[in-house]
Amino acid sequence: MAGKTYWLTNVKLETGYRYENGSVTGTKTEQFHVRIEDRTIREIVSADKLLITDLPIQDANNYLMLPSFRDMHIHLDKTYYSGPWKAPTIPSKGIITRLEEEEKLLPRQLPVVEERAKNLLDLLLRAGSTHIRTHCNVDPVIGLKNLEATLQVVEAYKGKASVEVVAFPQHGLLRSQSVSLIREALKNGASLVGGVDPATIDGNIEKSLQTVMELAVESNANIDLHIHDPGHLGIFTFKRLAALTEEAGWQGRVTISHALALADISLEEASDVADMLVHQGISITSSVPIGKTIPIPLLQKKGVEVSLGDDSITDHWSPFGKGDSLEKAGILAERFRLSDEFSLGQTLRYITGGVTTLNADGQRIWPHVGDDADFVFVDASCSAEAVARRTSRVATFFKGNLVVGTL
Amino acid sequence: MSTAFWLTNTTLETGYQNNNGVVTGTNTERFHLLIDGGKISKIIPVTEAITDDFPQKDVKGLLMLPSFVEKHCHLDKTLLGDRWRSVTPVNSIFERLEIEKKVLPSLETTTQERAEKLLNNYLTSGVTHVRTHVDIYPEVGLKNLEEVKKALQTFEGKLSYEIVAFPQHGLLRSNAKNLISEALHQGANYVGGVDPATVDGDIEASLQQMVDLAVEGNAGIDLHLHDADHLGIFTMKRLARLTKEAGLQGKVAISHAFGLGDIPLSQAKGVAEILADAGISIITSVPIDRKFPPVGLLRKKGVPVAVGCDNIFDVWSPFGNGNILERAGRLAEISGWVDEQSLAQTLSFITDGKTPLNHQGEQVWPNVGDDASIVLVDASCSAEAIARRPGRVMTMHKGEIVSDSFGERIDEK
């Protein structure tokens, strides 16, 4: 299906940094006209030039264009969002309390999973996200029913966002004997193998990780594991995962979500772990928990690909969560005191799959002709302001189509 | 004072739902409230008919909460309303002070304009009382105080306020004693201060001068204390001693008090007892880039705690927005308070201690005779308001509607 061909006029793009005494003190912008064709950016011309065209024109009114955002860790199938308020209970047995709760909760919620997932996706789109990775429960409690509901929603939203689905054995791949269910899920639309705490939940790090890897290899699927296990228990798990990644030749195809253990060790040690992750192309996704944050800027500096995700958006695990990736980037900046112009602007990378508008030398590296027409217009003068002030999102585009908002 | 009117169909919290002694939810009912003379003069259940002819404003089931208190802001420092600028990296607080001294007078907007912009944000986010610090130092004299007072005067009747005369460049270091004293005569109600050790270089002399100024000016004290771990703790203990000696119990606050977050909880307990005994309260901005005082422990020990936004887009920080409800939500999140009761009670940190329900779930607010200083929010209960930070639909200060977006309410659900 070919997309519309049209011009977006008066688009504000960042063109370079302003310097004072060698430090970046501001960001330069100029106005451009951008031609969209076949769902990609086909031409970028200065707005100083008179535009003579028969193509339809959409005036961007000098709003700043940024690459659209990515929420790389969410649970669309478990949210209470748009439903009645309910606070989580006090988990007297920790994560086990939450798993026990799911035995009753998931079947009860099944009839509203689709509706809430759609409402949550609408929220994410309004916030400027068009690429989403959702972890979907696949376990003996709910079988493949949450997956079916999630896939219905993904299909309904395929013109608005790309959503990848992780087959997530929330109750433990081994603990809940979910291996064949996960295999089934991967045959039926899930594209990644999930997992959770091979030590604490499954009780057998080696067997759990090996099973994950086997499932991934036989289905040619990527991996995204939730690892909350603390301290050196978590670090050991990362090391075994890295070794198995190398054996299977799965470099660049494995993500660790949360990776909380990295917050428990010294920066020197974390730096060594980062080297290992880079070597195996293992990426990290964090929800930037403000009580315990892993050293994200260090990981990034070492070359680890780090993405952010919202995780819970009001569910039985957590009552918080806003579904706003730009807010997450702002929290990350605040958490790590990234408050100068350059650092703030570069923080965007964590919510765009590594894309920033300017590189370290202040050259424009986004957008380029040929890039997917996935972008968001914000009411800001530059990326740095957008991140620090979480400026409002005016319109979100996916594959060249306006999917929410108005210009 | 405007004439009396009814707020009809407001939702009030009436009790907790319990399951085997565990709070699992909040009960609410709808009421009509008569607002008269700036007070809540009648509260009747909706099953009872209104028999008088006073005008009625139907709020269609919105939840009513006590309006919020912003306990730590700097109306004279914000850049809101001016163009974007990020923060210049510095090597010390002293470099930052020099930058601020240069930047603020160079802006195209006036201090008054920017302060008014922030005050407006406060009203729309449900705040009707602010405590603002105002920089007082030799180069600027009382100019910031005058500008902030002008801004506050344009908001007369819309919110109440307290002003701290804040020697940002050091009470001793910038020799600001006489100016602070003058500020206390010109409308400031609190003596401020900053890091008696790091900034002033003499803890004892700095604290004594602060206390002397407070006693002479019949004022309270609000000290910015960032000094870390035992340096901060020592300063707190000295201030507690001087507070008692001067009879200033109940009139002294320590903002930030980072030291309390740096020491083990077992030690913080003892310090909390000293603070409680001296009637010293703690104000925190709930920073996420460093440890801060253990709020739960302080509350348990009887130390009053309040939350304030502090930096709101200024030369110190590009972050912050004046949304104090969001700040309270952040406190709950960082403290791991996720259950119904813990979330609901978090409200007390932004309402000067008021909550609709007490710990036992008894309705303790609002009462007939209370000031009609309230905020109506799009939530089912206090707990939801803290966790979800829903839209503030209407803010009322002593019976006056000071912010109202009822007409343009979009239901995002």
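The questions and answers below go from the whole chain to its parts.

Guide: This is a predicted model, in which local features need pLDDT of at least 70 and side-chain atom pairs count only at pLDDT 80 or more, while totals for chains, interfaces and linings use all residues. Residues are numbered from 1 along each chain as its sequence is written, and chains are lettered from A and ligands numbered from 1 in the order in which they are written.

Visitor: What radius of gyration does chain A have, beside that of a compact globule?

Guide: The radius is taken over C-alpha atoms, and the globule rule is 2.2 Å times the number of residues to the power 0.38. With 407 residues, a compact globule would come near 22 Å, which agrees with the value for chain A, 22 Å.

Visitor: How much of chain A is buried?

Guide: A residue is called buried if 20 or more other C-beta atoms lie within 10 Å of its own, exposed if 12 or fewer, and partly exposed in between, with C-beta atoms placed from the backbone. Of the 407 residues in chain A, the buried share is 53%.

Visitor: Is helix H10 of chain B mostly covered or mostly uncovered?

Guide: Helices (H or I, at least four residues) and strands (E, at least two) are DSSP runs, numbered from the N terminus. Helix H10 of chain B covers residues 324–335, and its buried residues include Ile324(B), Leu325(B) and Arg327(B). Among the elements that cover them are strand E6 (68–73) and helix H12 (382–388) of chain B. With 9 of its 12 residues buried, H10(B) is mostly covered.

Visitor: Which strands of chain B form the edges of its open sheet of 8 strands?

Guide: Two strands pair if DSSP finds at least two bridges between them. The 8 strands follow the order E6-E7-E8-E9-E10-E11-E12-E13 in chain B, with parallel pairing. Each edge strand pairs on one side only, and these strands are E6 and E13 of chain B.

Visitor: Which residue of E13(B) does Ile282(B) stand opposite?

Guide: Strand E12 (residues 280–284) of chain B runs parallel to E13(B), and 3 bridges join the two. The residue opposite Ile282(B) is Val305(B).

Note on methods
Expected span 1.5 Å × (residues − 1). Contact = placed C-beta atoms within 7 Å.
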